[in-house]
Amino acid sequence: LSGLDPAQPYFQGTPTEVRLDKSDADFVDIIHTDSAPTIPNLGFGISPAIGHIDFYPNGGEQMPGCGKNPVSQIVDIDGIWEGTRDFVACNHLRSYKYYSDSIIYPDGFLGYPCASYDLFQAGNCFPCPEEGCPNMGHYADKFKDKIKYDFIKLYLNTGEARDFPLWRYKVTVTLSGRSKVKGYINVALYGSGGNTKQYQITKGTLKPDNTYTAYIDAEVNV
């Protein structure tokens, strides 16, 4: 059973008989995209982990691309009807868009087990553990027999618009040279799967022999 941002109003905090719960099927995976509190943030989605595995893309509350101005959303690329719905419930509706994208990208949407989104952003939960990371969406059930814990919270980042999947890389740069300079380091990744755009690894004072590390979420599985 896949829960696409299960509803928060009237359901959060209720008994398991009333709401979606991992006791409802052999395997329940959840995608949380709008789990900010309903009051005052108008979050429509439930925030606690309720499945066997729970994905919190972009932290689970505010999705990239949902902060566009109202006019650009209502006259959306997919037409006025979809744009109007997105203006009203953009975060909530991202769950089914991620799911439909996941069918096309079997290797995309890797969810990293982590205690919080902040720790994930800082790179604390990279790379994947020994048993690997599940894929959010259609292929999540491939992870069914690898579950070790009662509740697994998984974090990842997505793009602002279709195509949504991003692939996370750890990039480490060590400088040579003799003198320190001011500037920045941009890195693009090249591989058999394609090339990424440039990502800024660091900026400011650059010192010889220093090592700079960054985690980038790239639009290409290089």
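In this predicted model, strand S4 and strand S5 (residues 152-156) run antiparallel to each other and are joined by two bridges. Across that pairing, Pro113 stands opposite Leu154 in S5. Both strands belong to an open sheet of five strands with mixed pairing, in the order S1-S2-S3-S5-S4.

- Strands of a sheet pair through backbone hydrogen bonds, and the pairing can be parallel or antiparallel.
- The order of the strands in this open sheet is S1-S2-S3-S5-S4.
- Strand S1 (2-4) and strand S4 (112-113) are the edge strands, as each of them pairs on one side only.
- S2 and S3 run parallel and are joined by three bridges.
- In the pairing of S3 with S5, the sense is also parallel, and there are five bridges.
- S4 and S5, by contrast, pair in the antiparallel sense.

**Strand S3**

- Ile53 in S3 has Asp29 standing opposite.
- In S5, Ile152 is the bridge partner of Ile53.
- S3 is mostly covered, and five of its five residues are buried.
- The side chains of S3 point two ways: Ile53, Phe55 and Pro57 one way, Asp54 and Tyr56 the other.
- Residues on both sides of S3 are buried.

**Aromatic pairs**

- A pair of aromatic rings is described by the distance of the centres and the angle of the planes.
- The whole structure contains nine aromatic pairs.
- One of them is the stacked pair of Tyr56 and Tyr155, with 5.6 Å from centre to centre and 25° between the planes.
- Tyr56 lies in strand S3 (residues 53-57) and Tyr155 in strand S5, so this pair ties together parts that are 99 residues apart in sequence.
- Tyr56 is buried because its relative accessible area is 3%, which is under the 20% limit.
- Tyr155 also counts as buried, with 6% relative accessibility.
- Another pair is formed by Tyr112 and Phe126: the ring centres are 5.7 Å apart and the planes are at 35°, so the pair is tilted.
- This second pair links distant parts of the chain, with Tyr112 in strand S4 and Phe126 in the loop between helix H4 (117-121) and S5, 14 residues apart.
- Tyr112 counts as buried at 6% relative accessibility, whereas Phe126 counts as partly exposed at 23%.
- Ring pairs join Tyr56, Tyr112, Tyr117, Phe120, Phe126, Tyr155 and Tyr215 into a cluster.

**A nonpolar surface patch**

- Tyr10, Phe11 and Val18 make up a nonpolar patch on the surface, and together they have about 360 Å² of accessible area.
- Phe11 is located in the loop between S1 and strand S2 (29-31).
- With a relative accessible area of 32%, Phe11 is partly exposed.

**The chain as a whole**

- The secondary structure of the protein chain consists of four helices and 11 strands.
- The protein chain has 222 residues, of which 44% count as buried.
- Among contacts in the protein chain with a separation of 6 or more, 68% are between residues 24 or more positions apart.

Methods
Residues numbered from 1 in each chain as written. Predicted model: local features only at pLDDT ≥ 70, side-chain atom pairs only at ≥ 80, totals over all residues. Heavy atoms only, no water. Pairing = 2+ DSSP bridges. Patch = residues over 30% accessible without salt bridge, like charges linked within 9 Å, V, L, I, M, F, W, Y side chains within 5 Å. Areas by Shrake-Rupley, 256 points an atom, 1.4 Å probe, with all protein chains shown as cover. Salt bridge = Lys/Arg side-chain N within 4 Å of Asp/Glu carboxyl O. Buried < 20%, exposed > 50% of the residue type's maximum accessible area, 1.4 Å probe, protein only. Contact = heavy atoms within 4.5 Å. Phe/Tyr/Trp six-rings, centres within 6.5 Å; stacked < 30°, edge-to-face > 60°.
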